[in-house]
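Hello,

Here is the structure I promised to pass on. Please have a look at it, and you will find my notes just below.

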Amino acid sequence: MKQLQVTSDWHRRHIIRYYSTVFSSEGNILHIQGENTVDPFTTDIKTVRRRIKATGKNKSVGTDRVSGEILKLGGKAMIPYLARLLDITMNNGTLPGDWKRATVIPIHKGGDQSLVTNYRPVSLTSIVCKQMEHVIASYPRQVWGKNDWLYEGQHGFRPGYLCESQVITVCQDIADSLDNGDKIDAIIVDFSKAFDLVPHGRLLNKIANSGVDSKVVVWIREFLLGCMQRVRVGWQLSEEFRVTSDVPQGSVRTTVSRVLAELISNLQTIS
């Protein structure tokens, strides 16, 4: 990965300002409580075990300074403690502050290195929190699948669906239309910063009304409400600023960000 080449203090300030202004906001988030569900969330020990096994030793650490190597060295002995930690945060509706903080590093994607838009933000976040998100991630999808809540045409961020499956579906639809002698119109829309600009309040309302356990709604709300990030350019750090839409820039698309992606794509339920 090629990190940002800073040529001046002005350039550094410009980068930091850019990453602090890509969000949207619709005011304060009101108290949001999900409804009771017939499918309550439970911590899956098997998933915790898989996440420990999948954790990379050399992953960059977040602000809590807990490394992947520590989790790997703990092995099976870490599983009950991590499961208990998730249960505590879920039942109490609170998360450690370090889980909600990120350090953003701009990585060059290509093109003119002096343009801020030619860099993709990568966040260094808590490895422990990432594993907790992975444990939770399958739950809302199971609930939504059972309730037939997601739009059938959505193929992104869903188990068993791929880019290839969407292409096949589109091609089949076109072939069927041609066989029937129907006209075909295609509209392709690319939303600029679609993930970045979805306000937290609107997102939480959708999740709360989707049939998931109220404890999961509160957990996600607490995660979103306290999201903070700072930008690192070279060895200089900006001051922290609040993330008012999406989740910390460039973080893994785990629970919150996958929920976001699915809600954006679900045109039947987004207002």
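Strand β2 (residues 119-124) is largely enclosed by the rest of the structure, because five of its six residues are buried (under 20% relative accessible area with a 1.4 Å probe, protein chains only; over 50% is exposed, and partly exposed lies in between). This is a predicted model, in which local features need pLDDT of at least 70 and side-chain atom pairs pLDDT 80 or more, while totals for chains, interfaces and linings use all residues. Numbering starts from 1 along each chain as its sequence is written, and side-chain values use heavy atoms, without hydrogens and water.

The partner of β2 is β1, antiparallel to it and joined by six bridges (pairing takes at least two DSSP bridges). Pro106 stands opposite Pro121 of β2. Ile105, also in β1 (residues 101-108), counts as buried because its relative accessibility is 8%. Helices (H or I, at least four residues) and strands (E, at least two) are DSSP runs, numbered from the N terminus.

Now to helix α4. Its buried residues are Ile79, Leu82, Ala83, Leu86, Thr89 and Met90. They lie on the same side of α4, because their arc around the axis is only 130 degrees (taken from the directions from helix axis to C-beta atoms). These residues pack against α2, α3, α5 and α8 (contact means heavy atoms within 4.5 Å). Turned away from that side are the exposed Tyr81, Arg84, Asn91 and Asn92.

Best wishes
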